[in-house]
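Me: I would like to go through this model by question and answer, beginning with the ligand and ending with the helices. Please look at the sequence and structure first.

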Amino acid sequence: MKDLVQKQLAQSIATLQAVLADETISHTLVSIAKLTAEAMQSGHKLLVAGNGGSAADAQHLVAEFVVRLTVNRAALRAIALTTDTSILTAAGNDYGFDHLFSRQIEAIGQRGDVFLAISTSGNSKNIVKALHQAKMIGIATIGFSGNDGGLMTPLCDYNIVIPSAVTQNIQESHLALEHIFCMLVERFTFGHDLDKKPQILSE
Ligand SMILES: O=C(CO)[C@@H](O)[C@H](O)[C@H](O)[C@H](O)COP(=O)(O)O
Ligand SMILES: [Zn+2]
């Protein structure tokens, strides 16, 4: 069993190493952080959705934006579409599970917002439908995916595809990138001298 643990850990590290080696991923992460910071500074918001472990990621990431990650600063506008059990059960029960996120985007999404869709397969129907809805409204679309990017690729302005087909390893890399994404947005929004004088640059 100890061998299994070590093999799994080595596989986790190898996936992160592959992400590190792919400079396009780092470049894209900077681009989406800039896009998101600019959207937030102009009064728009980040919407985040995912299923299962990725639903937990959506909530985790949004908590960092609303509360803090690396510094005490003003709250940043972000909403997880995975948390309101009344909306989730009503949308699922009345219209079907595929409508879980698209209905919420229709309700609260506005042109100029940013939608982050997290899906390891890239194929979850409720995620694909939500991306369609976001595109219809004029919301910028970002994907965090794996495998080959799946059906969500053509619907994403940016899609970060983790070079792995193993769900848990993809998720681990997603979480690492989500933290860096939030850190970059903090830097773009509040400046580099974070610890000394946190303030919103646009105010
Ligand atoms: O956390 C895990 C596996 O590590 C699971 O809960 C996983 O997130 C679920 O099977 C999801 O439904 C997978 O959906 P997706 O990532 O393909 O969109
Ligand atoms: Zn999991």
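**Ligand shell, sheet and helix packing**

By class, the shell around ligand 1 holds 1 nonpolar, 11 polar and no charged residues, where Ala, Val, Leu, Ile, Met, Phe, Trp, Tyr, Cys and Pro count as nonpolar, Asp, Glu, Lys and Arg as charged, and the others, Gly among them, as polar. This is a predicted model, in which local features need pLDDT of at least 70 and side-chain atom pairs count only at pLDDT 80 or more, while totals for chains, interfaces and linings use all residues. Residues are numbered from 1 along each chain as its sequence is written, and chains are lettered from A and ligands numbered from 1 in the order in which they are written.

Me: Which helix gives the most to the shell around ligand 1?
Reply: The residues surrounding ligand 1 include N51, G52, S119, T120, I127 and Q168, a residue being near a molecule if its C-beta atom, placed from the backbone, lies within 6 Å of it. Two helices, α3 (53-66) and α7 (167-190), each supply at least two residues of this shell; helices (H or I, at least four residues) and strands (E, at least two) are DSSP runs, numbered from the N terminus. With 3 residues, the helix that gives the most is α7.

Me: Which residue in β3 stands opposite A49?
Reply: Strand β1, residues 46-50, pairs in the parallel sense with strand β3, residues 114-118, over 5 bridges. Opposite A49 in this arrangement stands A117.

Me: Are α2 and α7 oblique or roughly parallel to each other?
Reply: The axes of helix α2 (residues 23-41) and α7 come within 8 Å and cross at roughly 50°. Angles under 35 degrees count as roughly parallel, over 145 as roughly antiparallel, 65 to 115 as roughly perpendicular and the rest as oblique. The two helices, α2 and α7, are therefore oblique.

Me: How many charged residues has the contact of α2 with α7?
Reply: Among the residues that make the contact are L29, A33 and M40 of α2 and L177, F181 and F188 of α7, two residues being in contact if their C-beta atoms, placed from the backbone, lie within 7 Å. The classes here are 12 nonpolar and 3 polar residues, and the number of charged residues is 1.

Me: How are α3 and α7 oriented to each other?
Reply: These helices, α3 and α7, pack with their axes 10 Å apart, at an angle of about 15°. Their contact involves residues including D57, L61 and F65 of α3 and H174, L175 and C182 of α7. Given that angle, α3 and α7 are therefore roughly parallel.

Notes
Pairing = 2+ DSSP bridges. Axes fitted to C-alpha atoms, helices over the stretch in contact; angles between N-to-C directions.
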